[in-house]
Amino acid sequence: MTDEKKNEVEEEGRRNFLANFLYVGGILAALGGFTAGLLRFIIPEKKPPKMQEILVAHFNEIEIGDAKPMEVAGQKVFVVHLKEGYRVLSAICTHLGCLVQWQKENQRFYCPCHKGKYRPDGTVISGPPPRPLESFRVEVKNGLVYVWMKQKYTGGLV
Ligand code: FES
């Protein structure tokens with residue numbers, strides 16, 4: 001084989017390699033784009049829930065160290081007035097979902113189902129509850145106490 005012929009064969013091999021490389025790369029890019037689009041279609045984007053601000057109390061309505069049971073936006077809660085400020089806690093026990101009771105004389109929430117006990121801030125004192133009562137975001141503006149809850153619920157002050 002002459003040098004010229006050898007160079008032509010080598011040049012053709014390089015061209016084929018480059019063509020194959022671009023061909024395979026193009027297929028992979030197209031497959032990646034298709035897969036990404038398919039995944040976006042199958043697994044919809046998770047959007048954060050829309051929140052709404054709901055009036056739950058006038059600032060001096062609940063004395064410090066007391067809690068008021070309410071149903072707000074379809075959820076049973078307690079509006080608690082602590083020395084540090086207001087809290088809104090779910091009335092649903094984190095163990096198996098029973099309704100807790102406020103015991104002002106003992107300054108605690110009590111779950112009658114399995115004797116779970118929570119502090120006024122919702123943290124667990126004793127019993128089987130695995131975690132604190134769910135707490136909602138509270139805001140005090142112009143002497144009024146508001147809670148932020150998911151918008152899917154409807155309702156208001158009870
Ligand atoms: S459900 Fe409340 S302690 Fe079990």
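The model is predicted, so I kept its rules in view: local features need pLDDT of at least 70, side-chain atom pairs count only at pLDDT 80 or more, and totals for chains, interfaces and linings use all residues. Residues are numbered from 1 along each chain as its sequence is written, and side-chain values use heavy atoms, with hydrogens and water left out.

Next I checked ring pairs. Rings of Phe, Tyr and Trp (its six-membered ring) pair if their centres lie within 6.5 Å; planes under 30 degrees apart are stacked, over 60 edge-to-face, the rest tilted. I noted four aromatic pairs by this rule. One of them is phenylalanine 17 with phenylalanine 21, stacked, at 6.3 Å centre to centre and 25 degrees between the planes. Both sit in helix α1 (residues 3-42), four residues apart, about one helical turn. Phenylalanine 17 is exposed at 58%, and phenylalanine 21 is exposed at 55%.

I then returned to phenylalanine 59. Its ring pairs edge-to-face with tyrosine 86, at 5.4 Å centre to centre and 70 degrees between the planes. Tyrosine 86 is buried, at 8% relative accessible area.

I also found Phe78, Trp102 and Phe109 linked into a cluster by ring pairs.

Last, I looked for a charge over a ring (NZ of Lys or CZ of Arg within 6 Å of the ring centre and within 35 degrees of the ring normal). Lysine 141 lies over the face of tyrosine 146, 5.1 Å from the ring centre.

Key
Helix = DSSP H or I, 4+ residues; strand = E, 2+ residues; numbered from the N terminus. Buried < 20%, exposed > 50% of the residue type's maximum accessible area, 1.4 Å probe, protein only.
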